[in-house]
Amino acid sequence: MGADIGNSRLDPPIRRLAPLGSAVGGDLSFFNDPRYAPQLAGTRASAVIVREQDAGRLPAGCVALVVDDPYLGFAAAAGLVQARREPAVAATGVHPAAHVAPTAKLGRNVVVAAGAVISAGASVGEGVAIGPGCFVGERVVLGAGSRLVANVCVYADCQLGEQVLIHAGTVIGADGFGFAREGEGWRKIPQLGSVTIGDRVEIGANCTIDRGALEDTRVEDDCIIDNLVQVAHNVRIGAGSALAGCVGVAGSATIGRRCLIGGGAGVLGHLELADDVVVSPMSLVTRSIRQPGFYSGSFPLMDNSRWERAGAVLRQLPDMRARLRALEKLTRKPT
Amino acid sequence: MGADIGNSRLDPPIRRLAPLGSAVGGDLSFFNDPRYAPQLAGTRASAVIVREQDAGRLPAGCVALVVDDPYLGFAAAAGLVQARREPAVAATGVHPAAHVAPTAKLGRNVVVAAGAVISAGASVGEGVAIGPGCFVGERVVLGAGSRLVANVCVYADCQLGEQVLIHAGTVIGADGFGFAREGEGWRKIPQLGSVTIGDRVEIGANCTIDRGALEDTRVEDDCIIDNLVQVAHNVRIGAGSALAGCVGVAGSATIGRRCLIGGGAGVLGHLELADDVVVSPMSLVTRSIRQPGFYSGSFPLMDNSRWERAGAVLRQLPDMRARLRALEKLTRKPT
Amino acid sequence: MGADIGNSRLDPPIRRLAPLGSAVGGDLSFFNDPRYAPQLAGTRASAVIVREQDAGRLPAGCVALVVDDPYLGFAAAAGLVQARREPAVAATGVHPAAHVAPTAKLGRNVVVAAGAVISAGASVGEGVAIGPGCFVGERVVLGAGSRLVANVCVYADCQLGEQVLIHAGTVIGADGFGFAREGEGWRKIPQLGSVTIGDRVEIGANCTIDRGALEDTRVEDDCIIDNLVQVAHNVRIGAGSALAGCVGVAGSATIGRRCLIGGGAGVLGHLELADDVVVSPMSLVTRSIRQPGFYSGSFPLMDNSRWERAGAVLRQLPDMRARLRALEKLTRKPT
């Protein structure tokens, strides 16, 4: 029996999703990135999701599924496959080895796994899933449909919106890094704010989002955050922004809406980034950015010996500029 | 009833701490950083902690609380607020779902939460709080008044001082990264040292501090370490130093006292940093630093197209210097 | 009683391993790195593992243990010390406070600690040790002799080889960072692949290795990965490669065999690195590398004021090059 996808009846039916290069008969693939054009021409997939203009580039016998946005189309197909594979929730109810404080309020269809701890006064929305080893602090609010995968910690008073997904090992609401020098040591500044996270936010594994000093650290609706990302106290991240892996945002920085921060990039404290700012991987933002645009600041990769020479000359750059000016002055005189 | 702070009786009484910009009547704020001068002039706070020289800049009706160090003063005020809000310890005693080895020694007033594991021979000082999901290895020593927040792991034989605070997800004492090449693979070097942490150290969330190969990795008294910081084996961090988020310190490096290492910075292995060294964010320390001072080494942020051009020319820097020399020689000749 | 090491009978016997600089009588040390030559000459160790050519540089009375590779020799000695100190496994069997699904299959001599959760359909090989707070997802396969130290999470369907060691807090198989823009928000791309890890792999603490979008993320045999390393979806890391702390590898990158990636370095998505590529710490790989070799790209560290000036001139580099060309043209004309 062949599968019906849009108007196309496929034979053999689609059994799997696969990348163009490794797909075989029975696989569905997609073509979105022109870099993969050679693999499109040679694919053995039974069908490929493509834009209209690319439909003619498929090999003979391969069915084109034409859509406006092949990556979105692929996302939809993957969603179908996943839905078939996983039951929505494997278990339901509170595991006998979970620890739920008597004053915590649990909505309907909440799942709490073994070893999870839910503290006094916490409020857990309908359909929330709290995985093994998670810690939910006092008075925490978890919006409906959210999920903490495993070993996630949410400190007291933090508030998460609806349909939020937090991957394993992430820590929400640890104390911001606030200290005043006092003699040879430090005086800790109590961090009295908390963390507010909007709806439909996804946060990767082993991230850290600190609580605010006075007001809340805020991650607005529809933000996506990759793994090992550090968000310091009082930061505000605008709706729909994306932070790739290993990004660090220092205290009190404000990031606009729909920003894209590349992997390993850093944003210094107290800066403001406008909406629609794109920052390249491993760049350090050292000043506020008022205009949307694409900003970069990483050192180019070189063969090591070339890099050593370039680095040595780099230290002399101000001197070189002075010498260049002197030469210009000199050569201008005779004329 | 108005609050008494120093000599000033405030009406309305102080109910909350807030930043200058968002404070309203009943709020106490502070002014420490000149960048916030415009917000000081317009603040609606009922009182502001300021230096004497700034007391005259407050808007009419706003009470000045004059101190030498407004940030320290604010820390004290925040401490008062926090003390009123949180009971010192919510629960006491060992939770029935905690697992404490019979040979572990627990001091007075120790709190051990559900799901925590304390191994054989561990020694837990008076007033220590061990949160849910924490793992304390064999023979670990935790000094009086210390706190492991949640899901903290301390491997066997590590020693923590008094009043140490470790945030969630941090791992103390994992094996240092020691391997010798053997054929196509690696031979692991057993890591026989452990980790020694001094008094009043605070370590953020999801950090990693590896055990030494032979001797201990050491974090001395009064150090503060932010989130997602990596401290490799055999490292020594001098008293009173601060490491901001995402810093990485490679094996056997020694950092002096009162150093400040900016976020995302790196220190290569086997280097020595003097006391009072300040390193800018995302700089890489590639040589020992013998003199106190302020050191930097990050690529400046640029508009992407300018960065692409600058990067291309950067590769040619040694060539440009040679050409500059040739020109200098040429223009010197005629004179 | 003296120890017998190779042909040498030592008196006093060796009691401890120690670095050259801090060793005392009864200690065994090793000399591998020429930087430590001054410490070799002055060491108080009773014996030192050295290459033949260095044997004559030991102080009088210090026994030379001559080997081809002193670091490997030291690894062997450390292994002996460790074996004497630690029983192979402290406990055996499944702790009553562990949670093992009825359909999980456990091999012989498996150890499961308190608070660990093993999900339905998981397959745990002979001699595997699963520490406190670990989460093993559905259908996960753990090869014989592997160890998850504590609070490790392995998501559903991931497969680990034999003799794999995963340190605390590491997360294997979280969703890759795959999203398609949809209006102001994002549509999640279900991540249908998993993670495959080969034999004899060691992964440090608080790392994240994401599951693939369609196919598996792969870490081949004999790889070693330090702490806080991020490996994104669809990445492939060739056998025998080493990734130092805080490295980030973006999606679909392929790293060859025996590569060495320095601490804090980054590799952009979809790139390919040949075998035997070495990348310096905190360098960003922005293009595929087809040739083995040593590549670098970090900004040199400078005194801050020099760095500020160099950075300012850096922005003007393309302009400087143009002016240099103009001068060359000008000076060429008259001749």
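Strand β26 (residues 217-219) of chain C is joined by two bridges to strand β29 (residues 236-237) of chain C, and these strands run parallel; here two strands count as paired if DSSP finds at least two bridges between them. Strands (E, at least two residues) and helices (H or I, at least four residues) are DSSP runs, numbered from the N terminus. Within this pairing, Arg218(C) stands opposite Arg236(C) in β29(C). The model is predicted, with local features requiring pLDDT of at least 70 and side-chain atom pairs counting only at pLDDT 80 or more, whereas totals for chains, interfaces and linings use all residues. Residues are numbered from 1 along each chain as its sequence is written, and chains are lettered from A and ligands numbered from 1 in the order in which they are written.

Both strands belong to an open sheet of eight strands in chain C, ordered β9-β12-β15-β18-β23-β26-β29-β32 with parallel pairing. Its edge strands, each pairing on one side only, are β9 (105-106) and β32 (254-255) of chain C.

A pairing also links the chains: two bridges join β38(A) to strand β37 (residues 293-296) of chain C, and these two run antiparallel. Met302(A) has Ser296(C) as its bridge partner in β37(C).

Chain A can be laid on chain C with an RMSD of 0.1 Å by a turn of 120 degrees and a shift of 0.0 Å along the axis, which is the relation of a three-fold axis. The superposition is by least squares on the C-alpha atoms of residues with pLDDT of at least 70 in both copies.

Chain A itself has four helices and 38 strands. Its radius of gyration, taken over C-alpha atoms, is 26 Å, well over the 20 Å that the globule rule gives for 335 residues, so chain A is more spread out than a compact globule; that rule is 2.2 Å times the number of residues to the power 0.38.

| Property of chain A | Value |
|---|---|
| Radius of gyration | 26 Å |
| Span of the C-alpha trace along its principal axes | about 90 × 70 × 35 Å |
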